[in-house]
Amino acid sequence: MRIAVCPGSFDPCTNGHLDVFTRAAALADRVIVAVLINRSKSSLFTVDERIEMLREVVAPLGNVEVDSFYGLLVDYCKDHDVQAIVKGLRAVSDFDYELQMAQMNYRLAGVETLFVTTNPLYSYLSSSLVKEVAKHGGSVAGLVPDTVLARLTDKMASDA
Ligand code: PNS
């Protein structure tokens with residue numbers, strides 16, 4: 001069985017992420033969306049909130065599950081028998097850092113990284129931009145899954 005992981009912060013998950021999960025699900029037998037627990041980075045949503053949203057988002061995809069991890073991604077891959085890391089590449093600006101990480105992960109544990117080129121509909125989209133637009137009252141409808149939109153709206157209202 002081929003197992004792939006889609007790692008990230010997902011604070012929050014966007015439709016660009018969902019596009020990558022969907023495409024990874026067509027390539028692997030099983031896909032794990034793995035949320036990084038990063039205690040040194042402040043986030044809008046807690047890890048539990050992000051996991052809840054992701055579980056709702058991937059529910060229609062039969063072979064995708066959601067988990068979290070702390071520490072090195074390659075250790076998670078070894079512990080969970082993951083053969084490949086699948087990531088989206090939005091633009092050339094993503095490439096340098098992604099290449100470094102892919103090469104380091106291969107050097108550390110021989111884990112392959114596969115890149116899918118992001119759907120052009122979402123090439124400008126990032127979790128950071130979504131949060132910034134939502135914080136200032138802009139509409140992110142159509143850019144994030146409905147469950148994320150609802151929670152973002154609630155979060156912005158409670159922080160106002
Ligand atoms: O959504 P993000 O924050 O861009 O995702 C980055 C992520 C989680 C994929 C990356 O930071 C990662 O893999 N972190 C785990 C720690 C690790 O393995 N670091 C070495 C990478 S070569």
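## The largest pocket

On a 1 Å grid over the protein atoms alone, a pocket is an open set of points where a 1.4 Å probe fits, with protein on both sides within 12 Å along at least five of seven lines. Grid points are joined across faces, edges and corners, and a volume is the space filled by probe spheres set on the points. Here we look at a predicted model, where local features need pLDDT of at least 70 and side-chain atom pairs count only at pLDDT 80 or more, while totals for chains, interfaces and linings use all residues. Residues are numbered from 1 along each chain as its sequence is written, and side-chain values use heavy atoms, with hydrogens and water left out.

How much space lies in the largest pocket? About 1,100 Å³. Its lining (residues with an atom within 4 Å of a point) has 38 residues, and Pro 7, Gly 8, Ser 9, Lys 87 and Glu 98 lie nearest the centre. Helix H4 (92-109) gives the largest share, nine residues. Helices and strands are DSSP runs numbered from the N terminus, with at least four residues (H or I) for a helix and at least two (E) for a strand.

## Helix H2 and its covered face

Now find helix H2, residues 47-58. Its buried residues (under 20% relative accessible area, using a 1.4 Å probe and protein chains only) are Val 47, Arg 50, Ile 51, Met 53, Leu 54, Val 57 and Val 58. Down the helix axis, these residues fall within an arc of 165 degrees, so they line one face of H2. That arc is taken from the directions from the axis to the C-beta atoms.

What covers them includes helix H1 (15-27), strand E2 (30-36), strand E3 (64-69) and helix H6 (146-159).

Lys 155 sits in helix H6 and counts as buried, at 17% relative accessibility. Leaving aside neighbours within four places in sequence, Lys 155 is in contact (heavy atoms within 4.5 Å) with Leu 44, Phe 45 and Glu 49.

Asn 105, in helix H4, is buried too, at 13%. Not counting residues up to four places away in sequence, Asn 105 touches Leu 73, Val 74, Ile 85, Gly 110 and Val 111.

## Backbone details in the loops

In the loop between E1 and H1 you can find Phe 10 and Pro 12. Phe 10 has a positive phi, near 55 degrees, without being a glycine. A cis peptide bond, with omega about 0 degrees, joins Asp 11 and Pro 12.

Conventions:
Expected span 1.5 Å × (residues − 1). Buried < 20%, exposed > 50% of the residue type's maximum accessible area, 1.4 Å probe, protein only.
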